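The notes follow in the order I looked things up.

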Amino acid sequence: MIRQAFAAYLAVGFALSGCIAAPTGRTAAAPVAGDEKRPNIIFIMSDDHAQTAISAYGTEIGKLAPTPNIDRIAANGALFENSYVTNSLCGPSRATMLTGQFSHLHGFTKNGQKFDNSSWNWVRELDQSGYRTALFGKWHLNYSPEGAGIGEWAVLDDQGKYYNPDIITPTGRSVVEGYASDIVTDLSIEWLDKNADAGEPFAILIHHKAPHRNFMPAIRHVQKYLGTEFPVPTNYFDHYDGRPAAGAQEMNIYRDMYEGHDLKMTTEVGSRELRFNPWADDFDRMTEAQREAYFGALQPGNDAMNAADMSERDMAIWKYQRYMNEYLGTVAAVDDSVGRVLDWLETSGQAENTIVVYTSDQGFYLGEHGWFDKRFMYEESLRTPFVMQYPGHIAPGTRISVPVQNVDYAPTFLDYARLPERETIQGRSLRDVVDGTPPTDWRDDIYYHYYEYPGFHAVRAHYGVKSGRYKLMRFYGDINQWEFYDLATDPTEMRNRIDDPAAQPVIAQLKVTLERLRTKYRDSDGPAVRDPLWAVAKGQRDAEAAAGHHAED
């Protein structure tokens, strides 16, 4: 009944959009030079999808848990081997993708703040230039995209729920029965069916909740990886020597994960009662049939776990395998969704004039350093997947090695839509890059700044630079520490060589580069590069000021 009512809303909304020249609030199309047909854009984004969990990247996990449909985009177009974020956190990353700016300029530095929907964003610009625009799925920047200039939208409430989620529309909110990834895909394809042949180009954002915590696969995928043994990372039992900020975090799989909520562990053999489960609504909102199918599939594994007399180490490994089963099972429905969208493109005849992008709001830890979650500037969460196809414009099987960041997405979409550059954007268009001729002055260095401390998972504020094989980070707050890594000899970032005499010339040069990047990007938050580490009280004030600089009162 609930879903029928929601479907009725959509039918009315889509019918109206077909009867008027443009969605409410849309201005007349701006003139665009040239006769070339402007491409459609399908921007698919997941939440917390590790690059290592995409088989196109050739990883060991990808071999065991392939993503054939995401791989189709890479095969049809380009795979970016060195794709990075500017701030590995959901809300700030989404705001960066919309605005083309680093966190300190767009004003959304940490989750819990409110993004200013009246701010410029690339979707609004396309909408005002004659594109039909829409967003379905996760928004997570404030209550809804109202006022953001997006033609039509239906979004999940905040983080969203996997089963029977609340969906917010311009007319209110309602519970929609089903699985979130499937619902988002249904809404997107329904909109595409209504708008693809309207005589105007379209831009649609398909934003999944998955595979964000608490990692709940669709019923059809709950058992997909049960019995699969995933390789345990060599640094799963990291002791964090020489890395005090890493040692102080609270995102360890075997110590900090909620055993009931995240890992769906039960209290004893034969019981369905979950261990620690602080957010019970994730399961309470499921129908009886959904709960039975989901937890029934996990019951044998839970009973075996409860019956076993495991050592602490064995339990830590069991938790890793359960985490991977749930996480990768959740990814599977996202890959299904990508396949449905690509199939629609091919059968609709729209594929040749449509850019398709798949990315995530950041990377994610799959047991490296013992972790889940993101936030740190270490490789697993700094890197984000990015694949892109545009038939006739991007050669199939292209591999891009130059470093790119999510600050580049907005100028790329503007460029392909043949709209002028915008001075406020800090990224650069990737069009020449995917054409095979990156500009000679393309960046060599990646700048990063994470703000949310004090905050969830206790990851300290830090900024840093990655320059080729080298990485330099400065943590600040109650832990003031430099970290330096040579990724050529230490790819898992286990040995902080900040005090190594042999590394001092490289470190000195990286500090110069870091000062240059902070000036270039106009970032004065946190301590200056040359500020001494011993100023602990100042460092704490810097952390609190940087994290709360743009927060609401």
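I count as a nonpolar core a set of buried Ala, Val, Leu, Ile, Met, Phe, Trp, Tyr and Cys residues joined through side-chain atoms within 4.5 Å. The model I am reading is predicted.

**Entry: cores.** I looked up the largest nonpolar core and found 50 residues in it. Those with the most contacts inside this core are Ile42, Ile44, Phe136, Phe202, Ile204, Tyr294 and Tyr358. Helix H12, residues 312-348, gives the most to this core, with 7 residues.

I then followed Ile42. Leaving out residues up to four places away in sequence, Ile42 touches Leu192, Phe202, Ile204, Ile206, Val341, Leu345, Thr354, Ile355, Val356 and Val357. I also noted a second, separate core, of 48 residues. Tyr225, Met315, Tyr320 and Met324 are included in that second core. In soluble globular proteins, nonpolar side chains tend to be buried together.

**Entry: cavities.** I asked how many cavities of 30 Å³ or more the structure holds. There are 3. The largest cavity has about 70 Å³ of space.

Which residues line the largest cavity? I listed Phe43, Met45, Arg94, Met97, Leu98, Leu135, Lys138, Trp139, Leu141, Leu205 and His207. Strand E1 (40-46), helix H4 (90-99) and strand E8 (202-207) are the elements that give two or more residues to this lining. H4 gives the most, with 3 residues. By class, I recorded 8 nonpolar, 1 polar and 2 charged residues in the lining of the largest cavity.

Definitions and conventions: Residues are numbered from 1 along each chain as its sequence is written. This is a predicted model: local features need pLDDT of at least 70, side-chain atom pairs count only at pLDDT 80 or more; totals for chains, interfaces and linings use all residues. Side-chain values use heavy atoms; hydrogens and water are left out. On a 1 Å grid over the protein atoms alone, a cavity is a set of points where a 1.4 Å probe fits but cannot get out, and a pocket is an open set with protein on both sides within 12 Å along at least five of seven lines; lining residues have an atom within 4 Å of a point. Grid points are joined across faces, edges and corners, and a volume is the space filled by probe spheres set on the points. Helices (H or I, at least four residues) and strands (E, at least two) are DSSP runs, numbered from the N terminus. Ala, Val, Leu, Ile, Met, Phe, Trp, Tyr, Cys and Pro count as nonpolar, Asp, Glu, Lys and Arg as charged, and the others, Gly among them, as polar. Buried means under 20% relative accessible area, exposed over 50%, partly exposed in between (1.4 Å probe, protein chains only). Contact means heavy atoms within 4.5 Å.
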